[in-house]
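Work through the exercises below with the sequence and the model open. Each task is followed by a solution in steps.

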Amino acid sequence: MTFAIPSPLRANRGHGADLLPLLLFAALILLMLFSLMLGRYPVPFLDVARIVFTTFPINAKGDYTNAPWVVVEIVRMPRILLTALCGMGLALSGAAMQGVFRNPLVGPEIAGVTSGASLGGVVAIMLSWPSLGVTGLAFGSGLLALAAAFSLAKLAGRASTLGLVLSGVIVGGFCGALVGLVQTLADPMVKLPSIVYWLLGSFAGATYEKVALVAGVTLVAGTLLLGLRWRINLLSLGETDAQALGVNVELLRWGLMSLVALLVAVQVSVSGGVGWVGLIVPHLARMLVGPDHSRLLPAAAFLGGIYLLGMDDIARSLTEQEIPIGLLTSVVGTPIFALLFWKTQSKGWARE
Amino acid sequence: MSEPAIAVSGLGYFYRPGQWVLRHLKASISPGKIFALLGPNGRGKTTLLHLLIGALKPREGSVTVNGKIAFVPQLFQVSFDYSALDMVLMGRAKKIGLFSQPSRKDEEAALAALDRFGMADLAGRPFHELSGGQRQLVIFARALVAEAEILILDEPTSALDLKNQALVLDWIGTLSRKDGLTVVLTTHHPHHALAIADEALLMMGEADYAAGPAAEVLTEKALTLLYGAPLKRIAFTHEGRRIETFVPVLPVGSNVSSARQQPDFARLWAARH
């Protein structure tokens, strides 16, 4: 399958293209500051900037009677950090997966990790575990789902791309069914609403503990993924060609998928299912910097942070009651994807 | 005589046990020469190439390679819109560290390789927008930056028009004769093999091979047997150059004429009712 985005913005190898990730990073920081202003309790931009740049949130001996400080550093900051980190992780994962599977239509969900993590989260809610327990079990079961998918692919013989996709679909389908089962068994008055709400995805329960978990995983897995980004180009050529170029295809593919699984599992574990980000954002980034994964991954990461943070800002300020972000990303993501699809079709996607 | 670039002995391979694709194959490819592999579809040409590059492991026998190999697959689709330069850079895979990105030096080497084929101007162009011949040359450039000594080409001229066929064949000759590369290629065009190959291997059957100097192996009789379709080897002089080539002798027999005959619909209809 081929899917190319012809883009007038496609950058040549020049300084302009190298600057873009920096610009996106700056935009992300600005959006984070802006997001700290948003909410029921208004804090002016200058106050936000002063609080952020003069106090340190985590072990700060803050003044809890100082309302703007509490709102910015304790209420909003963890959520904004968490959202930005998850957006970055999801977009990185999506860009990497599209390269690994040589198919720009796949998202990070394909490995079955999302469903696996959802199952863990749902079971933990069912068992009335505390919030960090939900996160932990979701993360663990996401990794377990990946291990199951890998072993299944290995059992089937050659761990080909198709084998991995099929095993991911099988494991994902199985976990999805179990999630449904848990939901049917759940007490409809007490447990079911929180399960459904968690599955729809939300960053509302953000805490600094969750930020620390996501930051740790993203820092390690994201850095490794970024380090390997040029190698994704090689993998995307196909097995035989990559092998002939001296790539250890199987090892590299498994390594990349494990990193992706870590990022996805940690995101689902803190915020439930947030779809379409890993699919849409890499496409947007590809329009800006072209298909070379060397430049695509950094751009996608920052763009992912911006996209998800923007979505979360809308989710928490559009209506009186917060909209689950998973719903919003799907509602916004699908038409964007349709638009991309239509554009690429009309501009000569057909390439015989 | 110098050591062969590739030596194959007693080579056998199957995808399903008991169904040998090739077996008891013995061949020796001399360094710096062009070696052509011919055989009908499904006789194992591509399998043999994959065995040579190490993508498949022999079930029987051995493959010994002396030198760095670069593989040029059949004209292929790339899922992403990589530029020609991106494609050539990938030839540097072994020189670029696992967690590193291509350096300026890598880019310069890639550009120089493209320039070698007169394609430096096209470096920024998307690979898939290039003509089939240009794409093939980009992949040759990729083999050059990989500092390959042996080029393995899978049907380098298939799916190309006549002009691009000539361009690619000419470059294959240059890479062998000027750069001293060993070239192994598969082809469905016996006249291409006759024009540029030094040695040839005909894959007649499961364990039936004919190998030797191209001019001696590529005979009317052997090729007619190989393809099951008659061929004529002809020689003529063009602009002072003696040229030998093959032309297929197209059948004018019963199959062609009967296929063109209109069926008797009235009779067919009557027969059914």
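The model is predicted: local features need pLDDT of at least 70, side-chain atom pairs count only at pLDDT 80 or more, and totals for chains, interfaces and linings use all residues. Residues are numbered from 1 along each chain as its sequence is written, while chains are lettered from A and ligands numbered from 1 in the order in which they are written.

**Exercise 1.** State the secondary structure of chain A, then decide whether helix α12 of chain A is enclosed or open.

Step 1. Chain A has 14 helices and zero strands; helices (H or I, at least four residues) and strands (E, at least two) are DSSP runs, numbered from the N terminus.

Step 2. Helix α12(A) covers residues 277-289, and its 13 residues reach 18 Å from the first C-alpha to the last, close to the 18 Å expected at 1.5 Å a residue. The expected span is 1.5 Å times one less than the number of residues.

Step 3. A residue is buried if 20 or more other C-beta atoms, placed from the backbone, lie within 10 Å of its own, exposed if 12 or fewer, and partly exposed in between. In α12(A), 11 of the 13 residues are buried, so the helix is largely enclosed by the rest of the structure. Among them are A:Pro282, A:His283 and A:Arg286.

Step 4. After the helix comes A:Gly290, with a positive phi near 90 degrees.

**Exercise 2.** Describe the open sheet of chain B and find its edges.

Step 1. Three strands lie in the order β2-β1-β4, with antiparallel pairing; two strands pair if DSSP finds at least two bridges between them.

Step 2. β2 (19-29) and β4 (60-65) of chain B each have a single partner strand and stand at the edges, so one side of each lacks a neighbour in the sheet.

Step 3. β1(B), residues 6-16, is joined to β4(B) by five bridges. One pair of bridge partners is B:Ile6 and B:Val65.

Step 4. Helix α1 (residues 45-53) of chain B packs on the sheet and touches β1, β2 and β4 of chain B; its direction makes about 120 degrees with that of β1(B). Axes are lines fitted to C-alpha atoms, for helices over the stretch in contact, and angles run from 0 to 180 degrees between N-to-C directions.

**Exercise 3.** Is B:Glu147 buried or partly exposed, and is B:Glu155 buried or exposed?

Step 1. Most residues other than glycine have a negative phi. Phi is positive at B:Glu147, near 55 degrees, and at B:Glu155, near 45 degrees.

Step 2. B:Glu147 sits in the loop between α4 (132-145) and β6 (150-153) of chain B. B:Glu155 sits in the loop between β6 and α5 (162-177) of chain B.

Step 3. B:Glu147 is partly exposed because 13 other C-beta atoms lie within 10 Å. B:Glu155 has 21 C-beta neighbours inside 10 Å and therefore counts as buried.

**Exercise 4.** Locate B:Leu151 in the largest nonpolar core, then characterise the contact between the chains.

Step 1. A nonpolar core is a set of buried Ala, Val, Leu, Ile, Met, Phe, Trp, Tyr and Cys residues joined through C-beta atoms within 7 Å. The largest has 185 residues, and B:Leu151 is one of the four that touch the most other members, with A:Ala300, B:Val88 and B:Ile152.

Step 2. The contact takes 28 residues from chain A and 23 residues from chain B; two residues are in contact if their C-beta atoms, placed from the backbone, lie within 7 Å.

Step 3. On the side of chain A that touches chain B, α10(A) gives the most, with four residues.
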